Amino acid sequence: MSSSRTRVAVSALLVTVIAASASAEGQPSKGEQTLTYRKAIYQTMVWNFARLGAMAQGKIPYEAKEFEMRASRVAALTPMLAETYVPDTRGLADSKAKPELWSNRADFDAKLQTLVDNSAKLAAVAKTGDFEQSKAAFFDTANACKSCHDKYRAD
Ligand code: ASC
């Protein structure tokens with residue numbers, strides 16, 4: 001082997017070793033980083049959605065301004081989810097996404113779009129301060145969550 005070919009081979013080996021040690025040291029892969037981001041979005045949605053649910057169910061008093069603020073947060077977050085459902089997140093140990101999500105992609109995307117649409121409507125209705133309409137729009141949004149969880153989320 002010529003010395004320049006040896007150098008190329010050694011360089012290639014080093015790249016492999018460095019990449020392997022990075023992953024052995026627990027550097028998250030691109031997919032893992034994306035999953036962490038996805039979960040952060042859901043966590044932020046749930047934090048706000050829980051207060052909306054408590055108001056919609058009469059567990060805490062309805063406060064129109066708070067309802068509007070939290071509904072608009074949820075509506076801002078739902079369109080961010082689509083970007084996180086990329087193939088390198090498929091099959092990750094920390095993911096609750098069922099394999100069916102990836103094989104029924106069009107149906108999953110349609111369900112996600114329903115969530116985006118229903119949460120946009122929730123935010124719009126919340127601005128009117130009408131409790132009955134806000135409540136109905138909340139349950140439409142919660143049903144969009146549920147219809148996707150029933151089919152595509154494990155547990
Ligand atoms: C919530 C929440 C969900 C949905 C779902 C609706 O408050 O955290 O995931 O509503 O339970 O059925």
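Mentor: Helix 3 spans residues 64-77, and its 14 residues extend 20 Å from the first C-alpha to the last, close to the 20 Å expected at 1.5 Å a residue. The expected span is 1.5 Å times one less than the number of residues; helices are DSSP runs (H or I, at least four residues), numbered from the N terminus. The model is predicted, with pLDDT of at least 70 required for local features and 80 or more for side-chain atom pairs, while totals for chains, interfaces and linings use all residues. Residue numbers start from 1 along each chain as its sequence is written.

In helix 3, the buried residues are Phe67, Arg70, Ala71, Val74, Ala75 and Leu77; buried means that 20 or more other C-beta atoms, placed from the backbone, lie within 10 Å of the residue's own, whereas 12 or fewer means exposed and counts in between mean partly exposed. These residues lie on the same side of helix 3 because they cover an arc of only 160° around the axis, the arc being that of the directions from the helix axis to the C-beta atoms. The buried residues pack against helix 2, helix 5 (105-126) and helix 6, contact being defined by C-beta atoms, placed from the backbone, within 7 Å.

Beyond helix 3, the loop between it and helix 4 (99-103) holds Asp94. Asp94 is exposed, with 9 other C-beta atoms within 10 Å. The C-alpha atoms of Asp94 and Leu35 are 8.1 Å apart, although 59 residues separate them along the chain.

Methods: Helices (H or I, at least four residues) and strands (E, at least two) are DSSP runs, numbered from the N terminus. Two residues are in contact if their C-beta atoms, placed from the backbone, lie within 7 Å.
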